[in-house]
Amino acid sequence: MRIPGPEDFGSRLRSPAVAARIGVWLGATFGICFLTGLISHYAQLPSHPLPFPTSPSWGYRLTQGLHVTSGTAAVPLLLVKLWSVYPRLFERVDVRAGRRLLLTGLERGSIAVLVASAIFQLVTGAMNAAQWYPWSSFSFRTVHYALAWVAIGALLLHIAVKLPVIRDVLTQDIDETAHDRPTAVEPASLSRRGLVRTAVAAGGVAALATAGSTVPLLRRVSVFGVRSGDGPGGVPVNKSAFAAGVETSATSPDYLLRIVVDGQEVGTFTLADLRALPQRTEQLPIACVEGWSASASWGGVRVREVLAAAGVGSDRDVGVVSLQEAGPFRRTILPPNFVRDDRTLLALDLNGEPLDLDHGYPCRLIAPNRPGVLQTKWVTALEVTT
Ligand SMILES: Nc1nc2c(c(=O)[nH]1)N[C@H]1C(S)=C(S)[C@@H](COP(=O)(O)O)O[C@H]1N2
Ligand SMILES: [Mo]
């Protein structure tokens, strides 16, 4: 069997001009995805060297929506980009070329790392957005974060190596005459410019189809947006009470919210006690790391005021504990700047109705600019360590 060479790949649509133009779009989507990913990762750290801000309340909704949307837009762009360059994999390397060989090896090695990490990031990200977790959610975030640095590093190296070529081909014409396999019988079909436009349009369609789960106006085109407005109170449900195993404990007449300081219980509240505290209403979004988000009106008590009612201050991290007995999100940390924010509630109502069991009845945390995954449902204790 003969190993194919670049000449065996007929399409003249493949050219550095095409690869570079798609690369510009791909670089932009990866850049947005990387930066917004850093924000999301930071927001989910259990403690922040620099406090994560509570304003604007829709900040995380915007950045995480952009993260998932730009990642989805990158998929068709990456596919076309790979298609346009893969024959180069079959280029023979002259083993006697000495220093050039080393450079070629480095270049190809960095491309291998870039391609592998880019595919890994897009595939695992898409799996996560589709709520398919073959891994524990903790390791997803760690691995996705680590490989983001690998991918962006390899990308910067790739751009640096290719800069002279990129500059050349971007300033030259794309060569409209180079059509896909033009023959006498069959007139040319797709042009190079057509290919670039199609790839970018496919990215745009993918982005629109995803953004629908964040932008209400786009809901109708949101074929990838799995959760867009269904669920009690018009807000999607991520994990149901049944799935979390809290149906009995959350509906028990013995339900209590416990305030715990250094392992000692310093106060308890029944649901009626919570209803007797001053009730506040805030318009705040739930913004899931998976990209969907929904704004809602939440009614309930300020976390700060519940703590104060038990004689506890608001200057420490607060552990927010769920009735849920297993799973990584059963206990989250609320940093002091979030505790002190007047918009941070233990919500009892959603859009004017008592919370649905699936939205966290009897009470759930809702705080401004906080990743959805940290908006703990079925809260049963607030824990402070002095
Ligand atoms: N106890 C508990 N709280 C939880 C979760 C969970 O699995 N368990 N999921 C979180 C995630 S990932 C999101 S996006 C929000 C969604 O809230 P909703 O289901 O009310 O829309 O709840 C958060 N609170
Ligand atoms: Mo989520």
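A word on conventions: residues are numbered from 1 along each chain as its sequence is written, while chains are lettered from A and ligands numbered from 1 in the order in which they are written. Because the model is predicted, local features need pLDDT of at least 70 and side-chain atom pairs count only at pLDDT 80 or more, whereas totals for chains, interfaces and linings use all residues, and side-chain values use heavy atoms, with hydrogens and water left out.

Starting with the ligand, 19 residues surround ligand 1, the closest being Pro 236, Asn 238, Gln 324, His 359 and Lys 377, where near means a heavy atom within 4 Å. Among the polar contacts (pairs of N or O atoms within 3.5 Å), a backbone N or O atom of Pro 236 lies 2.5 Å from an oxygen atom of ligand 1, and a backbone N or O atom of Gln 375 lies 3.0 Å from a nitrogen atom of ligand 1. Of the 530 Å² of accessible area that ligand 1 has on its own, the protein covers 99%, by the Shrake-Rupley method with a 1.4 Å probe.

Turning to the strands, which are DSSP runs of E with at least two residues, numbered from the N terminus, and which pair if DSSP finds at least two bridges between them, there is an open sheet of five in the order 2-1-10-5-6, with mixed pairing. Its edges are strand 2 (264-269) and strand 6 (331-334), each pairing on one side only. Within this sheet, strand 1 (residues 257-261) runs parallel to strand 10 (residues 379-384) over four bridges, and Ile 259 stands opposite Leu 382 in strand 10.

How values were computed. A polar contact is a pair of N or O atoms within 3.5 Å; within protein, one must be able to donate a hydrogen and the other to accept it, and residues adjacent in sequence count only if both atoms are side-chain atoms.
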